[in-house]
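Trainee: I would like to learn how to read pockets and cores. Can we work through one example?

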Amino acid sequence: MATVKLMTDTEAEAIPEVKAVFDDIRATRGSDFINNIWRALAQDPQGLERTWEQVKSVMAAPGALDPKTREMIYIAVSAANGCSYCVHSHTAAARAKGMSDDEHGELLQIIGLAAMTNTLVTSLQVPVDPEFEVS
């Protein structure tokens, strides 16, 4: 259950700032669907706009990483941060961008392996090899 009310489309229509962001989300994604995160953030129109602009500038803008890879990275970071909502939404987005079952399985194996070895290295306080230092 959300800690804030999820804004409906009818409610969003009455707030120009929210309506503008919802319209931009729909246009950018080419879909009528507005995720619950945006409906929750709509309770603070300025925060909604700021967050959408940041997400759009990284996830929807052209760049060196292809959209599927960006989504897969988002899945990995979301899993590491324990964000079930983000794991689910970005898994759906990665699948929509072509992530196969095999890629998803391999990604999950890498996430699990990294979590394990990160914990070992952190617990052992292993110093970084000088060869890995960026100068």
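Trainee: How do the residues of the lining of the largest pocket divide into nonpolar, polar and charged?

Mentor: First, the ground rules. This is a predicted model: local features need pLDDT of at least 70, side-chain atom pairs count only at pLDDT 80 or more, and totals for chains, interfaces and linings use all residues. Residues are numbered from 1 along each chain as its sequence is written, and side-chain values use heavy atoms, without hydrogens and water.

Mentor: A pocket is an open set of points on a 1 Å grid over the protein atoms alone, where a 1.4 Å probe fits, with protein on both sides within 12 Å along at least five of seven lines; lining residues have an atom within 4 Å of a point. Here the lining splits into 13 nonpolar, six polar and five charged residues.

Trainee: Which residues lie nearest the centre of the largest pocket?

Mentor: Arg29, Val55, Met59, Glu71 and His90, out of 24 lining residues. Helix H4 gives the largest share of the lining, six residues.

Trainee: Which residues form the largest nonpolar core?

Mentor: In soluble globular proteins, nonpolar side chains tend to be buried together. A nonpolar core joins buried Ala, Val, Leu, Ile, Met, Phe, Trp, Tyr and Cys residues through side-chain atoms within 4.5 Å; buried means under 20% relative accessible area, with a 1.4 Å probe and protein chains only. Here the largest has eleven residues, including Met7, Phe22, Ile34, Trp38 and Trp52. H2 (16-29) and H4 (45-60) each supply at least two. Helices are DSSP runs of H or I, at least four residues, numbered from the N terminus.

Definitions and conventions:
Buried < 20%, exposed > 50% of the residue type's maximum accessible area, 1.4 Å probe, protein only. Nonpolar A, V, L, I, M, F, W, Y, C, P; charged D, E, K, R; others polar.
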